[in-house]
Amino acid sequence: MWIIYLKRYFQQTNHSLPGKLLRTFAGALSLNLVFGFAFYLVESPHQEGLSLIDSVWWAMVTMTTVGYGDYFPVTFIGRFFIAYPCFLLGIGLIGYLLGSFAESLINITAKKRKGLINIHMKDHIIVCYCPSVSKVLHIINELRATPEGSTRGIIVIDDKLEEIPEEFLKHDIRFIHGDPTNEEILNKASIRTANGTLILAKDPSDTSSDHNSFTIGTIVEMIEEEIDHSIRTVVEVVSPRNQKMFERSSVDGLVVVEGMSDKMMVQEYCHPGIHRTFGQLLTNTRGSQFYSCETILHDRAIIELQKAALDYQEDLQIIGIRRDSQPILNPDKQMRIEKGDRIIVLAKSKDEFDRFQQTVQ
């Protein structure tokens, strides 16, 4: 009867793994105490020096089939009404409880691989869609080569992957199965405590993918306003015609795919080898990169800062400014920095510019 009751209980309830572990321990301990106390009541009058602790010890070694033989029943009641039920009922229930725990562990592991488990994480980065495993891995390797992304957790959301790829497991990447246009799926990836979101084109060859990306970006921005917490959002845009649409969604950054390779082809034709230069500027794994930096150097002329950069001890070059969301490269040397401007620098790290502006403030 006990076994049937416990089986129905576990079938009708959906306990987490810690809950199953606690119930397994509590069930085993309860049986241990019941049989140990019964053994003590029946056998202590007939066994001199038998304590309650000894009886509980006997119940445990009996239920686990260890059977040291240091204590055993000597009475008829102790043998057939205490020990015999302890053999059958105790071993059966402990086996069921441990089996139930093991089954839960296996089910949770399987659901985790299939991306069906909610992930509780903070200050992490969510990658929406996986057009290819190699592309996602390349993006994550670039992220982890930066100070901002080196220690952050990564969660990939995709509705085509049936289970997490082995390559993701090797790189400690988590996985949620589902369509990120659904807010419930985003919540499963802890969107409200995320540091940022990279929204990849679901199908880089299909311009309709932009509509999915627009939906996700809009949802994230609405959540950001709701929780009053910044979630940096960058979107891969397939068609330049949709750029205005994304700007209305107030996402933090756009990368337009179409036409990028065309421009690079022409640049390479006119200036052979230039693609290697751009390649180094775009990767975080080697060399220097462009950084768009907030600045306190207001009302200073560009030429003044460029001269100071030449005398600075670290390798750093000021190549432009960003004003009203538009980059101005190689600006007029007499142009002055205004409030709200960002300075575009070429350096090995953003920290170098932070130190630089402290020296020329």
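The model is a predicted one, in which local features need a pLDDT of at least 70 and side-chain atom pairs count only at pLDDT 80 or more, while totals for chains, interfaces and linings use all residues. Residues are numbered from 1 along each chain as its sequence is written, and side-chain values use heavy atoms, with hydrogens and water left out.

Although Asp 228 is not a glycine, its phi is positive, at about 55°. Asn 330, in the loop between strand 9 and strand 10, is also a residue other than glycine with a positive phi, near 50°. As background, most residues other than glycine have a negative phi.

| Residue | Relative accessible area | Class |
|---|---|---|
| Asp 228 | 72% | exposed |
| Asn 330 | 64% | exposed |
| Cys 86 | 0% | buried |
| Cys 130 | 10% | buried |

The structure holds 0 disulfides, a disulfide being a pair of cysteine sulfur atoms within 2.5 Å. Cys 130 is in no disulfide, and the nearest cysteine sulfur, that of Cys 128, is 12 Å away.

## An open antiparallel sheet

In what order do the 4 strands of the open sheet stand? The order is 7-10-8-9, and the pairing is antiparallel; two strands pair if DSSP finds at least two bridges between them. Strand 7 (289–294) and strand 9 (326–329) stand at the edges with a single partner strand each, so one side of each is left without a neighbour in the sheet. Neighbouring strands of this sheet are turned by 35° against each other on average, direction ignored.

Strand 7 and strand 10 are joined in the antiparallel sense over 6 bridges, and Phe 290 has Leu 346 in strand 10 as its bridge partner. Strand 8 and strand 10 likewise pair antiparallel over 6 bridges, with Ile 318 partnered by Val 345 in strand 10. Strand 8 (residues 316–323) is joined to strand 9 by 4 bridges, the two running antiparallel, and Gly 320 stands opposite Leu 329 in strand 9.

Helix 13 (residues 350–360) packs on the sheet and touches strand 7, strand 8 and strand 10 (342–347), its direction making about 45° with that of strand 7. Contact means heavy atoms within 4.5 Å, and axes are lines fitted to C-alpha atoms, for helices over the stretch in contact, with angles from 0 to 180 degrees between N-to-C directions.

## Annotated spans and confidence

An unreviewed UniProt entry carries the annotation "domain: RCK N-terminal" for residues 122–257, a span that is 35% helix and 21% strand, with its end C-alpha atoms 30 Å apart. The UniProt annotation "domain: RCK C-terminal", also from an unreviewed entry, covers residues 279–361; this span is 30% helix and 29% strand, and its end C-alpha atoms lie 33 Å apart. Such annotations may be inferred rather than shown by experiment.

The protein chain averages a pLDDT of 86, and 94% of the residues score at least 70, where pLDDT is the predictor's confidence in each residue, from 0 to 100. Over residues 5–15 the pLDDT is below 50, and this stretch has 14 contacts in the model beyond near neighbours in sequence. Where pLDDT is low, the predicted coordinates should not be read in detail.

Conventions. Buried < 20%, exposed > 50% of the residue type's maximum accessible area, 1.4 Å probe, protein only.
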